Amino acid sequence: MILLVTASSRAKECACALEQSSRQKVDIANSVPRALAKLQAKEYEALVADESLVEIDDSAIDALLNHAGMAMPIYINLGLHRTERVVREVQAGLARKHAEQIGAKRSALTELQSQLRGDVTGILLASELALRESSLPPRVADRIHSVQKLAEQIRSRLTPAQAR
């Protein structure tokens with residue numbers, strides 16, 4: 001869902017073009033207070049702000065950004081730009097957001113894999129040391145072997161195929 005913040009008479013025309021190009025519903029807010037109310041009520045993928053509206057009040061852009069949540073801020077100027085340019089700007093903004101999300105997911109996955117590899121290594125070392133105990137009952141040794149096998153399976157899943 002996209003929130004278009006503008007007082008322009010071209011708001012509906014622009015919203016229709018954005019809906020067609022993005023296949024997302026577009027809400028229109030013709031003032032900053034209305035935009036803030038909409039941002040508090042729903043989650044948006046993009047916040048498309050008409051520069052001519054937000055430049056009237058210096059604190060307006062700060063208020064919008066503070067309430068935007070995960071919405072990608074995209075600045076346009078309906079007084080200067082044709083609808084086609086606005087559509088291109090929004091498409092580019094949504095593409096940037098998608099790329100940033102993919103990068104963040106990859107980063108989080110890499111960090112998680114790194115942390116889990118360390119924990120699995122600790123489990124493998126502890127189980128290896130425990131299995132070296134001479135007074136270990138056979139049933140306990142079997143359980144430790146099971147834990148060791150599971151840890152090895154987890155390690156193999158955490159290791160990228162090209163590193164194996």
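Guide: This is a predicted model. Strand 3 and strand 4 (residues 72-76) run parallel, joined by 5 bridges.

Visitor: Which residue of strand 4 does Val48 stand opposite?

Guide: Ile74.

Visitor: And how many bridges join strand 1 to strand 3?

Guide: 4 bridges. Strand 1 covers residues 2-5, and the two run parallel. Val5 stands opposite Ala49 of strand 3.

Visitor: Is strand 3 enclosed or open, then?

Guide: Largely enclosed by the rest of the structure, because 5 of its 5 residues (46-50) are buried. Buried here means under 20% relative accessible area.

Visitor: Which residues sit on which side?

Guide: Ala46, Val48 and Asp50 are on one side, Leu47 and Ala49 on the other. Both faces are covered.

Visitor: Zooming out. What pattern does the chain follow?

Guide: Along the sequence, β-α-β-α-β-α-α-β-α-α. That is 6 helices and 4 strands.

Visitor: What about the radius of gyration?

Guide: The protein chain has 27 Å. A compact globule of 164 residues would be near 15 Å. The C-alpha atoms fill a box of roughly 85 × 30 × 25 Å along the principal axes.

Visitor: How much of the chain counts as buried?

Guide: 32% of the 164 residues. The accessible surface is about 10600 Å², with 54% of that belonging to carbon and sulfur atoms.

Visitor: Last one, charges. How far apart are the mean positions?

Guide: 8 Å, for 22 positive and 20 negative charges.

Conventions
Residues numbered from 1 in each chain as written. Predicted model: local features only at pLDDT ≥ 70, side-chain atom pairs only at ≥ 80, totals over all residues. Heavy atoms only, no water. Buried < 20%, exposed > 50% of the residue type's maximum accessible area, 1.4 Å probe, protein only. Pairing = 2+ DSSP bridges. Rg over C-alpha atoms; globule rule 2.2 N^0.38 Å. Areas by Shrake-Rupley, 256 points an atom, 1.4 Å probe, with all protein chains shown as cover. Lys, Arg positive; Asp, Glu negative; His and termini not counted. Charge placed at Lys NZ, Arg CZ, Asp CG, Glu CD.
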